[in-house]
Amino acid sequence: MPKPGFHGPLIRVNECCWRIPKSYKPGMRVDGLIYSSEEMIQQLVADQAPEQVANVAFLPGIQHASLAMPDLHWGYGFSIGGVCATDPSDGGVISPGGVGYDINCGVRLVRSNLFFKDVEPHRKRLVDQLFRDVPTGVGRGGKFKFTPKELRRLMVEGPRFLLGRGLAVERDIEYTEAEGCLEGADPDNVSDRAVERGKDQCGTLGSGNHFMEVQVVDDVFDEDAAGVMGLQKDMICVMIHSGSRGLGYQVCDDALLMLRGVPERYGIELPDRQLACAPVHSTEGQHYLGAMRAAANYAWCNRQLLMWQAREVFASVFDRTWQELQMDLIYDVAHNIAKFEEHAIGDTGEIKKVWVHRKGATRAFPPGHPEIPPLYRGIGQPVLIPGDMGRASWVLVGQAGSMEQTFGTTCHGAGRAMSRTAAVKHAQGRRIDHELAARGVIARSQSWKGLAEEQPAAYKDVDLVVEVVHRAGLSKKVARMRPIGVIKG
Amino acid sequence: MHEFFEHTADLGLRVMAPDLNQLFAEAATGLVGMIVENLNVVQLSRTVEIRIAGTDLEYLLFDWLNEVLSKFECEHLVLADFQVKVTDEGLTATCRGEPLDRERHQLGHEVKAITYHGLTVEQTADGWLAEVIVDI
């Protein structure tokens, strides 16, 4: 089957933004807006991602535009890197596809008081012990067991529940987006099958693009912001990328099953079944929201437990407590989520509460926003952008432009440049782990294929992606992080 | 027969078979083959029956693959042999395999879900063709 490209109109709006006018297809309620660069926009039209941006514009109640970040790539239904906001008072819908299967997939970054020179002599042992102690890969359960009753509390309370178990400290909660808890989570809406899939997976990394990395601060672009976060050049950090594991996947799957035939019943016409949705105020919409919030809270617990295990490994390798190592959480962001937020809409700037769907996109609230912790209110919300395991990841802060243009949102990663099958072909006869070692990265994975699919060449250059959001004023560069050790499924 | 096709972030599965029964059986083999790469070593020591109601062939394929995925995800059961009978009301299947054994089973992808995106089941000149994209 030939790979279909995008042949519709793309009108350049400015240096960083292209428009798909709503006249492109009957049924589009708003324009599509794609943030990109001259260099990357050429790659984008090679597949169906722009078409998917246009399709999202069909959703009832959508405000302003169907938006896409520069790490945009072809997904199913929604593109990855997509953002849309719907107004419930204007018939707005909630769409599980706009959140994704991995509900509250996200990233957290932990600092330390160790520097590259301190870790270098112990690096191999550190990475090996992380790989041994932190569960990774297909079907691996974790060491944390929860009874069904405890799991219900965990889904309602998020990481705050773990305080009582001695697996979190107050500071961890404060520096997690939404303090790790979306109110209104309803575990009754989470199916038995979802609970079954997730019951022993809280505190496990999973596979695919999820990872835990030991990183070093490679370059600092904003000394003030970095200082506030406690980051300095050559400092060692840990970045964790994972989500809601089997529980979240199943919640999304259950929702899509529940929504079969529902859009038609509400008279909603959609160009793709995977965009299935229901009005926010409908029974179906409310049911999904209750379950989605529960899965999101579970995901925050998952990353909390992954961080906890990383702290234990560091403590063991360096023979000091994690508190002595000052392994404090810098921040935790969600990049697959729907949040009910206040935004100024359109030319009139009317303030509305809208459901912002971020499907592979990160919240990036600017300085002064009341929803960010007081410590960061002067610099803007930290934004964590994982790149590929050979090049870099980034720490940014939200900027005012995000509120003006993208419902307080920026990019979420590098975005794939190569399909998984193409990446495996590209890796034939190669030892990706050896290549990474030559670049100064110790990589441990459960499978050769896992590394092959996630090799650096399979991703766009994250620096280019970050450059766009920086120039567009959505978020600002603070620090570039270089991986020195990575564990994967 | 089945093959994998490109989809940027995920993995596509294309299946061709002379009839619907074999199409559905082959699709399940393709799915489990994404998760466990050496299906040839799976012993057929356990048997499970799966029954699914439905008349829309695309939804039926979706529900079928979902059920097979769920056997792995919830019961850690690696199924490798499928006898499927598609009827007017849905399908019945006898599936054989064994519990996951990390020593012997070489694990590949974690399949998050079967998606509806580009889901097709259609009759061709030679038999039947199905395509499905799974989220990895």
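Two strands pair if DSSP finds at least two bridges between them. With that in hand, welcome to a few close-up views of this predicted model.

**View 1. Strands β3(B) and β5(B) side by side.** Strand β3(B) pairs with strand β5 (residues 90-99) of chain B in the antiparallel sense, over eight bridges. To find your place, look for B:T47, which stands opposite B:R96 in β5(B). Helix α2 (residues 57-75) of chain B packs on the sheet here and touches β3, β4 and β5 of chain B. The direction of this helix makes about 155° with that of β4(B).

**View 2. The open sheet of chain B.** Three strands of chain B make up an open sheet in the order β3-β5-β4, with antiparallel pairing. β3 (46-53) and β4 (77-86) of chain B stand at the edges with a single partner strand each, so one side of each has no neighbour in the sheet. From one strand to the next, the twist averages 25°. Helix α1 (residues 20-35) of chain B lies across β4 and β5 of chain B and runs at about 165° to β4(B).

**View 3. Strand β3(A) and its two partners.** Is strand β3 (residues 31-35) of chain A mostly covered or uncovered? It is mostly covered, with four of its five residues buried. Strand β2 (residues 17-20) of chain A runs antiparallel to β3(A), and four bridges join the two. With strand β4 (residues 65-76) of chain A, β3(A) pairs in the parallel sense, also over four bridges. A:L33 is a handy landmark: this residue is the bridge partner of A:R19 and stands opposite A:L67 in β4(A).

**View 4. Helix α12(A) from end to end.** Helix α12(A) has 36 residues and reaches 53 Å from its first C-alpha to its last, close to the 52 Å expected at 1.5 Å a residue. Of those 36 residues, 31 are buried, so the helix is largely enclosed by the rest of the structure. A:D319 follows α12(A) and has a positive phi, near 55°.

**View 5. Helix α5(A) crossing α12(A).** The axes of helix α5 (residues 148-157) and helix α12 (residues 283-318), both of chain A, come within 7 Å and cross at roughly 95°. That makes α5(A) roughly perpendicular to α12(A). On the α5(A) side the contact is made by A:L151, A:L154, A:M155 and A:V156, and on the α12(A) side by A:R293, A:A294, A:N297, A:Y298 and A:C301. By class, this contact has seven nonpolar, one polar and one charged residues.

**View 6. Helix α10(A) alongside α12(A).** Helix α10 (residues 245-258) of chain A packs against α12(A) at an angle of about 170°, with the axes 9 Å apart. The two helices α10(A) and α12(A) are therefore roughly antiparallel to each other. Among the residues making the contact are A:G248 and A:V251 of α10(A), and A:Y288 and A:A291 of α12(A). The contact has nine nonpolar, three polar and two charged residues.

Key
Residues are numbered from 1 along each chain as its sequence is written. Chains are lettered from A and ligands numbered from 1 in the order in which they are written. This is a predicted model: local features need pLDDT of at least 70, side-chain atom pairs count only at pLDDT 80 or more; totals for chains, interfaces and linings use all residues. Side-chain values use heavy atoms; hydrogens and water are left out. Axes are lines fitted to C-alpha atoms, for helices over the stretch in contact, and angles run from 0 to 180 degrees between N-to-C directions. Angles under 35 degrees count as roughly parallel, over 145 as roughly antiparallel, 65 to 115 as roughly perpendicular and the rest as oblique. Contact means heavy atoms within 4.5 Å. Ala, Val, Leu, Ile, Met, Phe, Trp, Tyr, Cys and Pro count as nonpolar, Asp, Glu, Lys and Arg as charged, and the others, Gly among them, as polar. Buried means under 20% relative accessible area, exposed over 50%, partly exposed in between (1.4 Å probe, protein chains only). The expected span of a helix is 1.5 Å times one less than its number of residues.
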